[in-house]
Each structure stands twice: as C-alpha cells, then as structure tokens.
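Here's a quick tour for anyone meeting this model for the first time. Take a look at the sequence and structure first.

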Amino acid sequence: MQMQPRHDQQLSRQVAKTTTAVTVGGSLMVLSGLTLAATVIGLAIATPLLVIFSPVLVPAVTILGLIFGGFLASGGFGATATFVFYWMYRYVTGKNPIGSTKIDYARDKLAHAAHDVKEKAEQLGHQAGQQIKG
C-alpha cells in the first residue's frame, strides 16, 4: 500500500515537469515568432532607407568594424600582456604560478644539454690537439 503514494508523487512530479516544459517551450516559441515577425517588418521598412543611404553606410560600417576590431585586438593583447607580467612577477617572487614546474624542468634540461655539449667539445678539442702533436 505504500507503493501507491510514492507512485502518485512520481506521477505528479512528471506531470508538473511536463507542464512546465510545455509552458516554457510554448512561450519561447511565441516570442520567437514575434521576434521573426518584427524583424521582417523592420527590414521591409528599412530596406528603402538602406538603399538610399548605402553609399554612406557601407564605408561607415566598414570603418566602424575595423575600429571595433582594432580596439578588441588591443584589449585582448593588453589583457594577455597583463597576465604574462603577473605570471612573471609570481614566478620571480617564488610563488610558483601554474606551469612554473614545466619551465623549471625545461631550463634544467637545457642547462644539462649545454653542459654535455661543452664537455663533448672539450673532449674533441683535446683529441684534435693530441692528433696534431702526435
């Protein structure tokens, strides 16, 4: 007998979810239709004006697009530079920012490789000097 109330609760939840989904979905579909209708009407009204003013609007929109793109790129580069300076500050002060262990590993690996090359060059230099003397 306890199964009946639990089943009713699940059923009522499912009905509530379905009702909510249909209501929200229907409302969004109505708003979508109204937006489409307003866009079509607005475009029909604005098209003659766009044709008349296109010799002025096209270059203006192009220039505004270039200006906006330049400001956007400048802001992106500035934000990146700010983050890099912040990362470098944390690295130099020893606060171990993200990725610093990889940088340290690469630096140690390069230093080890340079030391090996130096030793090999000294060894080959001694061998060449002995061959010339000998």
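This is a predicted model: local features need pLDDT of at least 70, side-chain atom pairs count only at pLDDT 80 or more; totals for chains, interfaces and linings use all residues.

Residues are numbered from 1 along each chain as its sequence is written, and side-chain values use heavy atoms, with hydrogens and water left out.

**Overall build**
- The chain has two helices and zero strands (DSSP runs: H or I of at least four residues for helices, E of at least two for strands, numbered from the N terminus).
- Its radius of gyration, 35 Å, is well over the 14 Å that the globule rule gives for 134 residues, so the chain is more spread out than a compact globule (taken over C-alpha atoms; the rule is 2.2 Å times the number of residues to the power 0.38).
- Along the principal axes, the C-alpha atoms fill a box of roughly 95 × 75 × 35 Å.

**A buried spot**
- Ser100 sits in helix α2 (residues 100–133) and is buried, with a relative accessible area of 2%.
- Leaving aside neighbours within four places in sequence, Ser100 is in contact with Trp87 and Tyr91 (heavy atoms within 4.5 Å).

**Out on the surface**
- Ile52 belongs to helix α1 (residues 3–92) and counts as exposed, at 59% relative accessibility.

Key
Buried means under 20% relative accessible area, exposed over 50%, partly exposed in between (1.4 Å probe, protein chains only).
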